[in-house]
Amino acid sequence: MSNADIILTAENVYKSYRLGAAQVRVLEGLDLAVKRGEFVAIVGASGSGKSTLLHILGALDRPDKGTVRFEDWDLGRINGRKLNKFRNEMVGFVFQFYHLLDELNVLENVFLPAMVSSTAAGWVIRRGSAKKRAFELLNQLGLGERANHKPYQLSGGERQRTALARALMNNPKLLLADEPTGNLDSATGNGILEVISGLNRAGQTVVMVTHDEEVAGRAGRVIVLSDGKIRQRHPAP
Amino acid sequence: MYKFILAFRYMFRKRISYLALLAVSLCVFIVVVVMTVMTGLVDDFKRKNHEFVGDCVVATESLVGFGQYEDFVKILEGCDFVQAVSAVIRSYGLVSPGGSGQCVGVEIMGIDPVRHSQVTGFGKMLHYRSGQVSKAFEPVYDPNLPGCIAAVDLKLPRDARGGYVYGAGPDREGLAVSCFPLTAKGALARAGAGEVNTKTFYCSDYARSGLARIDDSLIYLPFEQAQMLCGMGQQPKRVSMLLVKFRQGVKPENGSRKVSRLWADYAAQIKAEKKSVPQLENVTVQNWKQYRRAYIAAMEKEQTMMIVMFALVAVTTVFIVFVVFYMIISHKSKDIGILKSIGVSNVDLIGLFSCFAFIMASVSCCVGVFLGWLFLVKINGIEDWLFEHFRFQLWDRSIYAIDAIPNTVDFKVLSGIVLSGICVCLAGALAASRRAMKARPVDSLQVSQL
């Protein structure tokens, strides 16, 4: 594997939390590399540190020790504008509980990342193309008819697809999904996984956290996390 | 752009926002009403004091008065910044309404009604002779009788609401006015020394200055008569004060400074001529505010107290706004996490909540100002209604001497209130936004999992 193929690396990553008087070690010297266009699933028992790792990889959290690199960016060292640019343009997040803004409709939720990266004047110019892109994503995900609905008017699967469309709005290089099917029934969950797999087949790099081995089976590579370290790495069956 | 959209949606689609809006609106409403009424009362009181004495007062506190005033009046009348001058006798006396057996202490002012009305608002204070100031001392029932003008509270009864009950004309009643004539050296003039100290006058009109302490104890007499009664008619003739009205555009402070210099030169000249002029060294020149400061200062202190109290209200408002915003922002912690996860910066988050605060403040101020304006427009009607149904009056007219509760909204006061309201909301939002700034996205999303 050449260095050019690697999009994301984590080296010797440590993370711990204070829980009352106790210090709980979550990640202990974890190493990980993700190739461009790869679909990696991280599995593990509840409390094994999967979500913490995903947040660190997406720069939503920082490691206590160790280095996380995304292309040329050292995520442990970037701050301010660069950090916001990374979160806005380089990475797309899909959460277990969708996390859509209730005040905005489906379309507005989807093009929100494009709005965030534009100034007020810039948005006037960009608005048309952003709206077009948002509509394309919604149509692709079967939500074209739901564009003007509010999140609370949607089913769980529709909300998750909206969240997925929002994550893809700015064409991120990396898609991070935290238990994307965890809150859905199996049929709806399968639909979401189909979409994610399809995106991966089209070249999208995906890192997904799940506790479900069957869901993880959709990935090209499965990493098992236990006691803060990667215990097994194997391709999906 | 998303900041404006989200701020608008937060504002109009959340019940808690409407509660915050109501809280801020009520605060603005209260401040608008109280500031307008209190400022109106103070301004009205100042205006009445100004109208009572003119722009500048050349006076001595001594009841003896001061001499050589005629030449100084001529000097003043020759100045381009002076519009008119009125010489005034001011003293104290006793009044016995004819046949009543009563005897009350009064303040006496001897004036030339025409000159006095050119300097002060005297003409407007009269009830029957308002348009005929030259005939102010001529009783309508017999113009040949010696007339006097009684302050309204001395003669007229009030109705239940504190208004005056005027008849078709003043009462045909003689008032025996007794004074204490003083010699130029300040001694009480002895009987038989050529001084007359009691004379009967007939009420020709009632004067109402709107100043409670004036309106319950003052009697205007014709200048020469008062001068004689107070012992100031003997040569060299004396007066108690000269009231000066400046031409339009001359500030009382500036004009009074010029008059003061003129008086100093005049007094020095008299001294150099070694003329014997009583009380000349005790004469002071003051603008109307300085002359009436004992009364105005009390009102201004009330106003200062009110401002201090409102500063406390403002602090409470800031705290309420802060709590409301803190609650709203706490309620929005999930949104903060979502926004941060898609690359919204801390500065933009502050911008979002400041925008929200600005919209809320603007809407609240508009609502508060509108409600305040509406209340002020109706305040006198409300007071009438309260009086009719509950016999309740907000201000006792015998103390405050106002016809109606002041309700003219001052644009400057209004802008100050609106600006303060917006600043208070922004301050509350900024303080609460610090919480949003410090929040880590993972904590805000409550997805930190072990």
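Predicted model: local features only at pLDDT ≥ 70, side-chain atom pairs only at ≥ 80, totals over all residues.
Local features need pLDDT of at least 70 and side-chain atom pairs 80 or more, while totals for chains, interfaces and linings use all residues. Residues are numbered from 1 along each chain as its sequence is written, with chains lettered from A and ligands numbered from 1 in the order in which they are written.

Student: How many helices and strands are there in chain B?

Tutor: Helices (H or I, at least four residues) and strands (E, at least two) are DSSP runs, numbered from the N terminus. On that basis, chain B has 16 helices and 11 strands.

Student: Why is chain B described as more spread out than a compact globule?

Tutor: The C-alpha atoms of chain B fill a box of roughly 115 × 60 × 35 Å along the principal axes. The globule rule (2.2 Å times the number of residues to the power 0.38) is set against a radius of gyration taken over C-alpha atoms. For 450 residues the rule gives 22 Å, so chain B is more spread out, its radius of gyration being 32 Å.

Student: At what angle do the axes of α11(B) and α15(B) cross?

Tutor: Axes are lines fitted to C-alpha atoms, for helices over the stretch in contact, and angles run from 0 to 180 degrees between N-to-C directions. Helix α11 (residues 293-331) and helix α15 (residues 411-438) of chain B have axes that come within 8 Å and cross at roughly 40 degrees.

Student: Which class does that angle give α11(B) relative to α15(B)?

Tutor: Under 35 degrees counts as roughly parallel, over 145 as roughly antiparallel, and 65 to 115 as roughly perpendicular; the rest is oblique. The angle therefore makes α11(B), relative to α15(B), oblique.

Student: Is Asn170(A) buried or exposed?

Tutor: Asn170(A) sits in the loop between α5 (156-168) and β7 (174-178) of chain A. A residue is buried if 20 or more other C-beta atoms, placed from the backbone, lie within 10 Å of its own, exposed if 12 or fewer, and partly exposed in between. Asn170(A) has 21 within 10 Å, so this residue is buried.
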